[in-house]
Amino acid sequence: MGGTMDGTRQRRRGDTRRRIQDVALELFAEQGYEKTSLREIAEHLDVTKAALYYHFKTKEEILVSIFEDLTQPIEDLIDWGRRQPHTLRTKQEIIRRYADTLAQAAPLFRFMHDNQASVRDLRIGESFKARVHSLRDIIVDPDADLVDQVRCASAIFTLHAGMFLLQDVGDDPEERHRAVLEVATDLVTQAHRGARNS
């Protein structure tokens, strides 16, 4: 019986933490990170500031927790990619999974894009950059020439462009997602073939 109570308590704590993250990200996106206070987050949640402090002491703690939770799939993808053979199929699968991860964490990445100055001052900016570099290193062949290295990096940036720069292109988000993924996959495929033919 005690185990069940502990499990319920853990779940409630997890739900509160998630609610705080969701409301904070919404406010950060609407008003900007700098203009959002812990007091406002607490008011939107209809809790006291002390209740909010139980979970997070600062705005940065909230943002870092959102970043870590939503980007864990990127970390998992990097770990998976490092254990795979350096084949075209592996590279294409990394691009496909990364596209899905970006789509699932879209609110966070839009916030990061729209608040680049704030993000640069926080440790999540450097952490995200390091993860993108790790992905690039996995899909670039060690013996690739510069053009093919650029193709691989461009594949990753094509996926980012699909989220940030191409929002107003086309009417169907699914069709746009497929088109962006096709271009990114083509770049990796071309780079892989180039490295094999050199």
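Colleague: How should I read relative accessibility here, and does Phe28 count as buried or exposed?

Modeller: The general idea is a cut-off, since a residue is called buried when its relative accessible area is under 20%. In this predicted model, Phe28 has 0% relative accessibility and therefore counts as buried. Phe111 is likewise buried, at a relative accessible area of 1%, and Tyr33 is buried as well.

Colleague: How many aromatic pairs does the structure hold, and what makes the pair of Phe28 and Tyr33 edge-to-face?

Modeller: Planes over 60 degrees apart count as edge-to-face. The structure holds two aromatic pairs; in one of them, the planes of Phe28 and Tyr33 stand at 65 degrees with ring centres 5.1 Å apart, so this pair is edge-to-face. The pair of Phe28 and Phe111 is tilted, with 35 degrees between the planes and 5.8 Å from centre to centre. Because Phe28 belongs to helix 1 (residues 2-31) and Phe111 to helix 6, that pair ties together parts 83 residues apart in sequence. Phe28, Tyr33 and Phe111 together form one aromatic cluster.

Colleague: Which charged end sits over the ring of Tyr33?

Modeller: That is the charged end of Lys59, placed 4.5 Å from the centre of the Tyr33 ring. Arg97 has its charged end over the ring of Trp80, 4.0 Å from the ring centre.

Colleague: Which element gives the largest share of the lining of the largest pocket?

Modeller: Helix 8 does, with seven residues. The largest pocket holds about 570 Å³ of space, and of its 20 lining residues, those closest to the centre are Met112, Gly125, Phe128, Lys129 and His160. By class, the lining has 11 nonpolar, five polar and four charged residues.

Conventions:
Residues numbered from 1 in each chain as written. Predicted model: local features only at pLDDT ≥ 70, side-chain atom pairs only at ≥ 80, totals over all residues. Heavy atoms only, no water. 1 Å grid on protein atoms, 1.4 Å probe; cavity = no way out; pocket = protein on both sides within 12 Å on 5 of 7 lines; lining within 4 Å. Points joined across faces, edges and corners; volume = space filled by probe spheres on them. Helix = DSSP H or I, 4+ residues; strand = E, 2+ residues; numbered from the N terminus. Nonpolar A, V, L, I, M, F, W, Y, C, P; charged D, E, K, R; others polar. Phe/Tyr/Trp six-rings, centres within 6.5 Å; stacked < 30°, edge-to-face > 60°. Buried < 20%, exposed > 50% of the residue type's maximum accessible area, 1.4 Å probe, protein only. Lys NZ or Arg CZ within 6 Å of the ring centre and 35° of its normal.
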